[in-house]
Amino acid sequence: MGLNPRGASRRLTANASVDNTEAATPAKSRFTKFLAISAVLLILTAACSQGDQSTWNPAGPVAEKQLLLFNVLLWVMVVVFILVEGALVYAALRYRARPGQPRPAQVHGNLPLEITWTIIPTVLIMALGIWSVVTLWQLEEPPESLGEVLEVTATGHQWWFEFEYADAGGGKTITTANDLRVPVDTSVRVILESDDVIHSLWIPRLAGKVDMIPTHQNHLWFYADSSKIETLPATFLGQCAEFCGLSHALMKFEVTVLEQDDYDAWVEGYGKPPVLSPLAQQGQQVFNANCVSCHTDKGPDAAALVDGRVAGFLAGGKIAPGPNLTDLATRARFAAGILDLNEENLQRWLENPDEIKPGNYMSERASFYQDGVNTLSDDDISAVIQYLISLK
Amino acid sequence: MATLTGVLARPTSHTGVWSWITTVDHKRIGILYGFTSFFMLLVAGAEAGVMRAQLATAESDLVSPYVFNQMFTMHATAMVFNVIMPLSASFFNLIVPLAIGARDVAFPRLNALSYWLFLFGTLLLHAGFLQNQAPDAGWFSYASLTEKPYSANAGMDFWSLGLLVLGTSSVAAALNFVVTIINMRAPGMSLMRMPVFIWMTLITSILLILAFPVITVGLIELTMDRNFGTHFFMPQGGGDPLLWQHLFWVFGHPEVYILILPPMGVVSEILPTFSKKPLFGYPFIIWSGITIGVMSWAVWSHHMFTVGLGPVANSVFTITTMLIAVPTGVKIFNWIGTMWGGAIEFKTPMLFSIGFIALFIIGGLSGISHAVAPADNQQQDTYYIVAHIHYVLFGGSIFGIFAGIYYWGPKFTGRILGEGLGKLHFWLLFIGMNLTFFPMHYVGLNGMPRRTFTYTDESGFQLLNSLSSLGYIVLFIAFVIFIINFLRSSKKEPDAGHDPWDAPGIEWSISSPPPEYNFAEIPQVEGRDHYWIVKEKAREAGQESPAEAHVDIRTIHMPSPSYWPIIIAFGVTWIAGGLLTHYALSFVGGAIAFIGVIGWGNEPATAESEH
Amino acid sequence: MAHAVEPAHHTEVEHTTTGLNHRKLMMWVFLGSDCMFFGTLIATYMVYRGQSLNGPYPIDIINVPITTISTFVLLCSSFSMVQALAATNANDQRGIRLWLLATAFLGAIFIGFQVVEFNQFKNEGLTLGTNLFGASFFTLTGFHGAHVTLGIIWLLAMYILALKGRVGPSTSLDIELLGLYWHFVDIVWIVIFTLLYLIAGFDAGPSPAGG
């Protein structure tokens with residue numbers, strides 16, 4: 001505060017000369033504090049990684065290998081971060097201008113340093129890159145060592161997933177919607193297609209995603225590993241991971257991993273005629289009159305049938321490819337994994353589907369919807385619901 | 001022809017609204033770009049606010065998916081094309097001629113045309129909002145979602161046509177700056193003596209010129225699919241949706257380097273000034289920039305790792321993408337080297353520059369994790385990618401741009417922006433940015449896909465999303481602080497002087513704000529950091545280094561204002577707009593543009609009356 | 001350090017760092033950009049080669065002999081363009097007018113051939129929406145034709161200036177720039193002609209079943 005500049009500078013000079021280390025220590029202690037906080041934050045936030053859809057919780061070798069690659073990279077990144085960010089913060093603190101400091105040495109560069117810090121990252125990156133490429137090739141197809149492969153074709157639709165088993169077991173064809181059931185400890189190879197726009201099939205705990213592109217046939221594979229799954233049957237969540245329109249966020253599915261016996265039983269029982277109460281029989285008639293053009297309820301969908309529905313939809317007709325409803329009542333959820341399957345939800349859905357899933361084609365195209373509202377009688381709707389919950 | 005152009009007398013005034021509409025002065029054009037794009041930053045930021053409000057709670061019904069999808073599409077599209085690119089263009093305009101010792105750019109009227117095309121293109125892009133038909137298929141608008149019937153309303157046409165007009169603006173500006181930088185440098189300023197910002201402008205401009213035509217073709221093909229019956233990307237007609245992706249990303253990847261290289265240039269100018277020592281490893285920073293520019297053409301399919309290109313393609317792009325990290329790292333090391341051993345002054349421009357490096361390191365590192373194709377299969381299309389994007393574009397580009405505003409602002413306004421509010425702005429932005437975007441790394445890897453308007457209670461995404469939404473509020477406050485700082489500083493007495501930072505660039509040797517002709521005498525450049533050399537010599541000779549003296553403007557012939565640029569821009573925009581309304585209007589727009597070109601051709605650069 | 005400053009003179013030949021005129025440098029850079037534009041259109045055509053779901057296919061309607069003639073016409077127009085520049089440098093006013101007009105005329109003949117060709121294709125059932133061949137063929141050649149048409153307009157504008165005696169050695173740069181553009185458009189056509197006509201012009205549809 002004094003107006004004596006020489007006095008002030010003398011004091012400052014005195015301080016500076018007494019203690020170069022004193023000037024450095026605040027910087028050093030600030031720096032150590034910074035390191036400590038970063039480490040704590042990183043660990044804390046890592047603890048946040050949990051969940052049924054989490055990539056940090058692999059249940060099979062594909063997701064596991066992908067996570068391993070990521071974890072190694074993560075630690076490399078953490079180390080690089082600490083080093084580089086640390087150097088940045090250190091430089092900022094250590095080389096803060098002190099009052100009266102002369103102009104620092106006008107260094108223009110350092111060739112050996114440049115070469116070093118170009119070559120070392122290049123080597124490191126190439127090593128990681130080569131390992132990545134090797135992993136990439138390893139993950140391309142299910143290895144023979146894992147045994148027989150179950151093939152399923154998944155077709156993306158706006159906004160639901162169609163799963164077709166050409167041979168689920170014993171030559172039997174099965175079509176489901178949003179419901180992928182697989183036996184444990186079996187390689188499942190999923191062929192990926194789409195009938196309208198680009199979608200993406202993603203089951204984070206089992207495998208990274210691959211896109212479903214019209215006119216293309218992609219594939220991914222996964223293997224549900226019993227040693228990584230606590231109890232069976234186990235359910236894993238999947239979700240569409242490529243923006244596909246209005247209700248992209250509401251396009252989900254479930255993967256149910258079963259013991260081999262349970263899986264075989266499911267295959268065996270698929271499509272068997274349901275036991276129907278009188279009301280359900282009435283509902284079956286309502287269903288046959290109004291729903292069968294888009295929804296199959298009696299077994300698998302033939303490819304030609306689905307193609308016909310797609311063509312009709314594109315031509316502007318009162319039709320669209322709808323989820324296969326065979327054995328609907330054996331599913332936990334419907335409407336592409338967003339609603340629990342129960343009478344109340346079915347009622348809400350049938351009455352005004354657009355409120356639950358904006359843009360859905362049922363209320364847009366089906367003839368018994370006017371302005372999105374169901375025009376069937378309450379009786380008919382109740383009957384159909386009874387029918388639907390009898391489908392098992 | 002003389003009668004056509006003689007209808008309206010050539011503008012001569014240098015004051016008033018009309019003088020701004022007809023200006024060809026690069027400094028004014030830079031200011032026009034700056035204000036327009038800052039306004040768009042607020043618009044796009046508001047769109048982000050809607051999203052964060054919606055995602056703050058699980059299963060929220062604050063906005064419908066219809067609105068939400070428009071928000072994320074327009075937020076990103078505007079941020080890329082209406083904010084970051086034109087803010088960089090603002091800097092190009094304001095700084096390039098001054099930093100190379102020129103009186104203006106090579107083609108002043110073309111420069112003005114670029115601005116008006118930008119303004120009108122931006123309006124066209126956003127015009128869909130007026131009809132509640134804003135584009136809503138995401139900023140990269142993948143086919144076949146963008147085709148009819150899946151995108152039945154006109155939103156995608158607003159998108160395509162708006163971007164086509166904006167593209168012509170960018171290419172015209174890039175052509176101008178390439179010629180300016182190559183051909184109008186002061187004597188003695190060889191390429192390796194140019195400021196780093198000028199180098200980055202040059203590389204960016206070359207990337208623009210070569211990359212935009214690719215997306216231009218894609219946009220034309222999409223427009224033709226939607227309106228003229230072709231099937232370029234429509235599966236029903238044999239088209240392949242992947243062709244769109246290739247076209248988009250061959251443009252799109254160089255585009256992201258277009259977004260980051262200029263702010264890197266800005267930071268490269270600021271660090272030496274406030275470290276009081278030259279840039280460390282100047283040639284290496286330059287060569288890294290050139291390498292990044294060249295390699296940016298070889299990595300595009302890393303955006304397509306999940307589309308099934310096959311292991312060969314994915315392997316190649318994994319390797320090339322990982323390699324492009326090396327020159328970026330080299331730059332970062334050299335920036336740290338600049339600070340090392342310096343005498344650092346923590347003025348606001350320096351804070352933002354250090355913040356830029358700190359945040360860009362994080363964004364760059366997460367980028368390396370995307371480069372690894374198998375890991376990317378889990379990361380792609382999740383919030384982990386959104387986190388990366390924002391660390392490099394917000395923590396990177398926006399921080400770099402703010403650094404430039406605080407640094408060069410005084411040169412053009414004559415007033416230094418308040419230090420206290422500036423520091424507050426910086427810290428709020430830094431904290432807000434991390435609070436908003438760091439949690440996204442986690443929520444993405446926990447399974448939250450991007451572009452989803454909601455998530456369930458059971459998903460467990462609520463906590464991290466709330467943090468992000470909280471962060472938005474901090475960011476909002478930061479921007480308010482900046483605006484207050486800017487308004488207050490504009491009202492104070494000029495206090496910058498010609499060289500407030502004791503900086504090395506020759507732009508600091510002239511007054512703040514500079515006279516219309518920039519330099520009274522074009523300097524003879526003796527090396528990099530020429531003005532430091534000049535000041536050093538003056539110090540040794542025991543003299544001061546005041547700003548250049550002003551001279552009578554009548555002795556220096558500057559290009560005269562012109563109304564043809566805005567007229568042509570108007571016509572060109574209507575060529576595009578006509579496709580959305582009545583085709584006849586396209587012909588009217590074409591005719592207006594044509595007349596404009598004839599008028600321009602007949603008009604000398606400097607008016608007779610000003611000789 | 002105030003001292004008298006030499007007023008900068010506004011001359012025709014401004015000093016440039018490379019010695020190249022600004023507008024010439026810009027024309028070269030612009031042509032680089034236009035290369036990418038045509039390259040992308042050509043890439044679209046090549047990617048979709050053989051992918052059309054239905055005919056007509058190239059072999060059904062592409063007429064190589066006729067298009068060879070129009071290609072030759074366009075090549076001749078490049079020759080006349082060279083002559084126009086030579087005449088400008090020699091201040092041969094009559095020659096300037098003659099060769100500029102000839103170039104525009106030959107360009108117009110080329111466009112005429114294209115118009116006839118497009119019409120013929122339309123009559124034989126090939127339009128933009130018929131198949132991928134139609135889409136990519138018409139888009140590519142259409143944009144090329146638009147470039148030629150802009151060039152013709154530019155040529156006519158220079159012709160009108162020449163009538164007023166405003167074209168001569170001191171403004172030869174204007175003609176040179178036009179020449180650069182015109183030759184570029186010609187070279188692009190050579191590439192298109194080679195790829196779309198001489199090579200892909202013989203592409204047939206899928207072979208009939210049992211054949």
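Predicted model: local features only at pLDDT ≥ 70, side-chain atom pairs only at ≥ 80, totals over all residues.
Two residues are in contact when their C-beta atoms, placed from the backbone, lie within 7 Å.

**First stop: chains B and C**

Select chains B and C together. Here 36 residues of chain B are in contact with 31 residues of chain C. On the chain B side, the elements that give two or more residues are α6 (155–183), α7 (196–227) and α8 (241–275). Colouring by class shows 21 nonpolar, 12 polar and 3 charged residues on the side of chain B that touches chain C.

**Second stop: chains A and B**

Next, display chain A against chain B, where 75 residues of chain A are in contact with 73 residues of chain B. Three elements of chain A give two or more residues to its side: α3 (61–94), α4 (111–138) and β7 (207–212). Of these, select α3(A), the source of the largest share, 14 residues. By class, the residues of the side of chain A that touches chain B divide into 39 nonpolar, 26 polar and 10 charged.

Most peptide bonds are trans. Move to the loop between α5 (108–126) and α6 of chain B, where B:S144 is found. The peptide bond from B:A143 to B:S144 is cis, with omega near 5°. Then select B:P149, which lies in the loop between α5 and α6 of chain B as well.

Most residues other than glycine have a negative phi. In chain A, centre the view on A:N178, whose phi is near 60°, a positive value in a residue other than glycine. A:N178 sits in the loop between β3 (174–177) and β4 (179–183) of chain A. Is this asparagine buried or exposed? A:N178 is buried, because 23 other C-beta atoms lie within 10 Å and the cut-off for burial is 20 or more.

Finish in chain B at B:K276, which has a positive phi of about 65° although it is not a glycine. B:K276 occupies the loop between α8 and α9 (282–295) of chain B. With 21 other C-beta atoms within 10 Å, B:K276 is therefore buried by the criterion of 20 or more.

Notes:
Residues numbered from 1 in each chain as written. Chains lettered and ligands numbered in written order. Helix = DSSP H or I, 4+ residues; strand = E, 2+ residues; numbered from the N terminus. Nonpolar A, V, L, I, M, F, W, Y, C, P; charged D, E, K, R; others polar. Buried ≥ 20, exposed ≤ 12 C-beta atoms within 10 Å, placed from the backbone.
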